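Please examine the sequence and the model shown below before reading on.

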Amino acid sequence: MPGDLLVPTSPWQNVGHTSLEDVFGITSEGGEATTIGTLQNKSLRTKYSARTESITFTLNQFDTAALRLYFGANAPLLPDGSIGVPADPQPTQAAFMAIFIDGESHFAVYAPKAEIYRADDMAIGDTESLAGLPLGVKPMVYGANSWTYAVTPLGGTVATGASAGTPGSFIPTGAVAPADLAALASVIATPTAKWATGQYVSLGDSSKAFWDGSKWVAGSAA
């Protein structure tokens with residue numbers, strides 16, 4: 001996830017124009033509940049099947065990159081510049097992130113690994129609406145993660161700095177605490193010299209960290 005959600009830089013790529021009517025959706029399958037009981041207790045436990053989720057949006061962009069998201073990552077570029085529709089299409093595998101901005105508030109939906117492919121058939125039904133490519137994003141487990149995608153809290157301002165204290169505070173005012181020690185890497189410490197004994201900042205995973213003069217270290221300054 002980029003350090004600043006409002007300024008995602010390379011390797012993130014903007015997919016282009018998206019639908020004003022079908023902005024964004026999350027659907028799911030599975031999750032059926034099965035009640036397990038005994039002779040003495042008919043509802044001793046409830047077991048739920050696995051649930052898979054999909055993110056949908058409609059892309060109003062018809063460039064090469066957008067067409068390959070819809071028709072398949074293996075869609076060939078033909079000599080005349082057109083895109084061939086493959087007989088055995090392969091979904092695009094990439095990280096996915098959608099950022100929503102409402103005034104001064106914003107939040108994001110982030111999947112470090114996802115398969116992107118067509119979610120529905122395409123139809124051009126009239127001359128008054130923009131044509132769109134309905135896309136589906138299936139978040140997948142990445143690495144050792146126990147989750148497939150994440151949603152940031154509304155209004156989350158990214159911390160760019162941290163001031164020493166007991167506990168210290170993050171800059172700008174109202175910034176969300178970085179999730180963990182690794183997420184502190186891009187945060188600038190104030191002061192830049194080793195923090196005084198007992199000083200620290202509290203992180204999103206309830207741990208503490210302090211600046212030792214050259215790097216962030218777990219715990220409180222000693």
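What is the mean pLDDT of the protein chain, and what percentage of its residues reach 70 or more? The mean is 89, and 96% of the residues reach 70 or more; pLDDT is the predictor's confidence in each residue, from 0 to 100. The model is predicted, so local features need pLDDT of at least 70 and side-chain atom pairs count only at pLDDT 80 or more, while totals for chains, interfaces and linings use all residues. Residues are numbered from 1 along each chain as its sequence is written, and side-chain values use heavy atoms, with hydrogens and water left out.

Confidence is highest in helix H1, at a mean of 96, and lowest in strand S9 (residues 157-158), at a mean of 70. Helices (H or I, at least four residues) and strands (E, at least two) are DSSP runs, numbered from the N terminus. Where pLDDT is low, the predicted coordinates should not be read in detail.

**Strand pairing**

Two strands pair if DSSP finds at least two bridges between them.

| Strands | Sense | Bridges | Residues standing opposite |
|---|---|---|---|
| S1 and S4 | antiparallel | 6 bridges | Thr27 and Ser54 |
| S4 and S7 | antiparallel | 5 bridges | Phe57 and Leu135 |
| S14 and S15 | antiparallel | 2 bridges | Val201 and Ala209 |

Strands S14, S15 and S16 form, in that order, an open sheet of 3 strands with antiparallel pairing. Its edge strands are S14 (201-202) and S16 (216-218), each of which pairs on one side only.

**Nonpolar cores**

A nonpolar core is a set of buried Ala, Val, Leu, Ile, Met, Phe, Trp, Tyr and Cys residues joined through side-chain atoms within 4.5 Å; buried means under 20% relative accessible area, exposed over 50%, and partly exposed in between (1.4 Å probe, protein chains only). The largest core has 20 residues, and among the members that touch the most others are Phe57, Leu133 and Leu135. At least two residues come from each of S4 (51-59), H1 (64-71), S5 (92-102), S6 (105-118) and S7 (133-139). H1 gives the most, with 5 residues. A second, separate core of 15 residues includes Ala175, Ala189, Trp216 and Ala221.

Ser19 lies in the segment before strand S1 (25-30). This residue is buried, with a relative accessible area of 8%. Leaving aside neighbours within four places in sequence, Ser19 is in contact (heavy atoms within 4.5 Å) with Thr58 and Asn60. A polar atom of the Ser19 side chain lies 3.1 Å from the backbone nitrogen of Glu21.

Methods. Polar contact = N/O pair within 3.5 Å; in protein donor to acceptor, adjacent residues only side chain to side chain.
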